[in-house]
Structure formats: C-alpha cells, structure tokens
Protein chains: 2
Amino acid sequence: MEFSEKQLEILHVAEKLFSKNGFDGTSVRDIAHEAQINVAMINYYFGSKDKLLDDLFDYRVEKFKMDESILQLTIPVMDILDEMVSSYIKYMNSSLAIYQIIAIEAGVKKRLMLSDSYKNLKVHNLHVISSIIQKGVDTGEFRPGNDPILIHATMMGTFMNFQMNRSFLKSELNITTDEEYSEYMESTLVTHLQRTIKALLTYEY
Amino acid sequence: MEFSEKQLEILHVAEKLFSKNGFDGTSVRDIAHEAQINVAMINYYFGSKDKLLDDLFDYRVEKFKMDESILQLTIPVMDILDEMVSSYIKYMNSSLAIYQIIAIEAGVKKRLMLSDSYKNLKVHNLHVISSIIQKGVDTGEFRPGNDPILIHATMMGTFMNFQMNRSFLKSELNITTDEEYSEYMESTLVTHLQRTIKALLTYEY
DNA sequence: TTTTAAATTAAACACTTGTTTAAATTAAAC
DNA sequence: GTTTAATTTAAACAAGTGTTTAATTTAAAA
C-alpha cells in the first residue's frame, strides 16, 4: 500500500498523538488540528479512525522484522546474539511511538492482535531468535532446552518496562533529558540484555 | 481510606472494565450498568471518574509491596531470591486487572505516575531487591556491580510481556484456557525468571 | 413518630465523539 | 477553455461523554 504526502503527514501526526495519549485518548479533531487539515480529510483518506490505525500499523510493521541475514555471518554465535539484541533494541528505541501504540492497543483491545501482519511479525522474530539459539546449541556454546519464547519475552519486556516507566526511572537513574535516557537504553540496557541472555543460555542449573 | 460495600462493588466493576477496555475506553455508564447502579452514584461516591481511578489505585496498591521479612529468613540467599521472584509473580498474576491498568495508564497518561504512592511502591520494591542482592554479594554468592533497577525491570517486564501478548502466546504455546496460561506463568515463567536472575547475578563476563 | 440525613433516581446539562453531507475550490483531462 | 474528477471546506448529524440538579425514596437520629 502506498501513501501520498498528505496521507503520510496525517499518519505521522496520528502516530505521535496515539503514542502520547492512546487511541481512545486521541480524537480525530486532535489529529486534524495538529496536522492543520479539515477533520473530514481523515475519513476521506482513511475511511474511519479505526482504519487509520490499521494503515498506520501496516505502514510501520515491516521495519520491525528482525534481520535474518545476521545468521549467515561468519562470526562467533555469541557475537550474532549480541548483534541481534543490539540492533533490535536500537531500532525499537528509534521507533518508540509505534511500539508504544502496539504495546497498549495489542494488550487492552483486541484490535491489533487480530491483525495477521502482527502475528506474522512475531512469528518471524521468534524464528530468528530460535535459529540463533539453535546455532549456539549446535556448536556447544549454548545449553539446550531454552525456549525462544521466554528469551524473546525477556528482551522485549525489559525494554518495554523502561519505556513505560520512563519518568520514574529517569528520576531514579538521575537522568534529566530524553536524549540521555535514550543513550542509557542503547548502551547500559543493551549490555544488560546481552549479558542476561548469554548468562541464561550458558548457565548451569 | 475505607470503602463501603457499595463503593467496593463499584471499584471492582471499574477495575474489571478498565483492565479490559482501558480507562478512556470505559464510560461511567458502562460501569454503572455492569454494577447495576445509577450513573450519578459514581460521582456521588467518588466525585469524578478520575478520582475513581485514584481511589481504585490506592485501594490496591498496598498489596503490591514486596514482603521485606523474607530478608530475615535463615535460608540461603539463593532461596530468598527464588522466593521473592515466585511470590511477586504469583501475586501479580492473581491481581492481573489492576496491573494491567497500571501498565497502560502509567505509561501513556501521566495519571498514576504523579501519584506518590505509586512512586513509593516502586522505591520500596527496588529496595527489597537491592537488599537481597547485597546479601548475596556479602556472602560471595553473587557478583557485585548488578543494578537492582535492571533486575527489577527484567522481572517486571518479562511478566508484563506475557500479560500483554496473552492471546498470541496462548496460541504459540498451544494453551487453550486462561487457567492453563495462569499455571504456565506461575510455574514455567517463574522458573525462567529465577534462573535468569540467578544466572545474571553469578555470570562471569 | 417526627425530623434530619443519606442514598437513589430520572432528567437535563454542556460538550465531545466519529462520521456524513453538500457545496465550494482546486487540479487534471480533454 | 470547457468538462470532469479530485480535493477541501463548513456545517450538521446522531450518539456518547462526564457531571449536575432537583426531586424522591430510604435509612438513621431525635
């Protein structure tokens, strides 16, 4: 699906407002006002407010697919794992708005959950993680028996926790700006997750 | 603050609907209908819809404080850690509704974030985790240098991820009923988190 | 039992919601 | 340049929002 310049402008404004105030907390008039267009244009271009969310999701979802090609790299599997965690967190961090929306709307409403593309995305990412783990198990570097679902949930959930408790954690970490918080997530948080997952995959229990 | 039987009935219905449809997605008339009362009673008892949410939060928040007394137990620190994870996840799992509300409203709106009791709760729980880690470091069982904030975020976030992706994960794990999913979280997920945190605290990197 | 207070009700309030309409403007096709 | 189509607009639509009011019923206090 292709979008015109005008449609993209509306999508970007909607993304911003949905992530800030939630889908139900954002009116079409809020969007129209911020985008400096007439309210009717939203229905003219997207049909309805619900379809606007669907289109926004389709517009963004493709980029959330994990890069499968890292599996082909001739580097140690430990480094592949590190690279996967790092690039995934960094991309999520650079696309916070849509991720915020997904987290809320997929959890509360059934809206996005029903979307096939959402399910396909998750299945794909689980598959990539699963393949990396398998590769490590084959080389004897990782212990077998670890469920990729749990690994994925840990990575995703920890990131999300930082996202949803931003203001509390900022004060707790003595961070003042959003930029600094962003840096923290891309360095300290990434390192933490890399260590956590590696520790788990090599841990003897 | 004490609530009458009628007020509690309203609070329980509100909790259920807020967790299902979000705060903005739930109207006072929805609550009144489900609780079989007149709409005006909500404002009569709670003043406003916003204050109803505040009261619901105050009503539940106390129970989310981690039990500090486990620190005094004369059992290995590993077992204290296991017990902390287990009891925390189990309690969260038994109070899903309010946790769902917290996750959404604290993240999107600034509503609950402004609440002092919410901040105090988090500070308290972080302190308990911090004390357990310190105890393990003192006995030489845990490595020093692990930030309790990251441990807490991992535990909380992973649980939340299971909560917010319920329907996807149910199909992925071949789970059909909510009861079974609940059992999974209290057994497999708890074990996973215990292992993860212990692995992280003892991991040599 | 009478008086006072609390609880409950239906109705109205003013405002916001998403969506549609029909007219006006702009752009494209011929 | 005229016609056709696409875009944009202000206005209206019906339904829903949280809240308030004033009247009524129920319960408690005197």
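Tutor: A residue is near a molecule or strand if one of its heavy atoms lies within 4 Å of it. This is a predicted model, in which local features need pLDDT of at least 70, side-chain atom pairs count only at pLDDT 80 or more, and totals for chains, interfaces and linings use all residues. Residues are numbered from 1 along each chain as its sequence is written, chains are lettered from A and ligands numbered from 1 in the order in which they are written, and side-chain values use heavy atoms, with hydrogens and water left out.

Student: Which of the 16 residues around DNA strand C come nearest?

Tutor: There are 16 residues around DNA strand C. By class they divide into 7 nonpolar, 5 polar and 4 charged, where Ala, Val, Leu, Ile, Met, Phe, Trp, Tyr, Cys and Pro count as nonpolar, Asp, Glu, Lys and Arg as charged, and the others, Gly among them, as polar. Those that come nearest are A:Val28, A:Arg29, A:Ser48, A:Lys49 and B:Tyr44.

Student: Which element supplies the largest share of the surface near DNA strand C?

Tutor: Helices (H or I, at least four residues) and strands (E, at least two) are DSSP runs, numbered from the N terminus. Two or more residues each come from α2 (28-35) and α3 (40-46) of chain A and from α3 (40-46) of chain B. The largest share, 4 residues, belongs to α3(B).

Student: How far is a polar side-chain atom of A:Asn43 from a phosphate oxygen of DNA strand C?

Tutor: A polar contact is a pair of N or O atoms within 3.5 Å; within protein, one must be able to donate a hydrogen and the other to accept it, and residues adjacent in sequence count only if both atoms are side-chain atoms. For A:Ser27, the distance to a phosphate oxygen of DNA strand C is 3.5 Å. For B:Tyr45, a side-chain N or O atom is 3.1 Å from such an oxygen. For A:Asn43 the value is 3.1 Å.

Student: How much area do domain 1 of chain A and domain 2 of chain A bury between them?

Tutor: Chain A is divided into domain 1 (5-60) and domain 2 (65-202), with bounds from an automatic or database domain assignment. Buried area is the accessible area (1.4 Å probe) that two parts lose on being put together, summed over both. Of the area between these domains, 71% is on carbon and sulfur atoms. The total is about 1100 Å².

Student: Which residues of domain 1 of chain A lose the most area to domain 2 of chain A?

Tutor: Three residues together account for 51% of what the domain 1 side buries. They are A:Ser19, A:Leu53 and A:Phe57.
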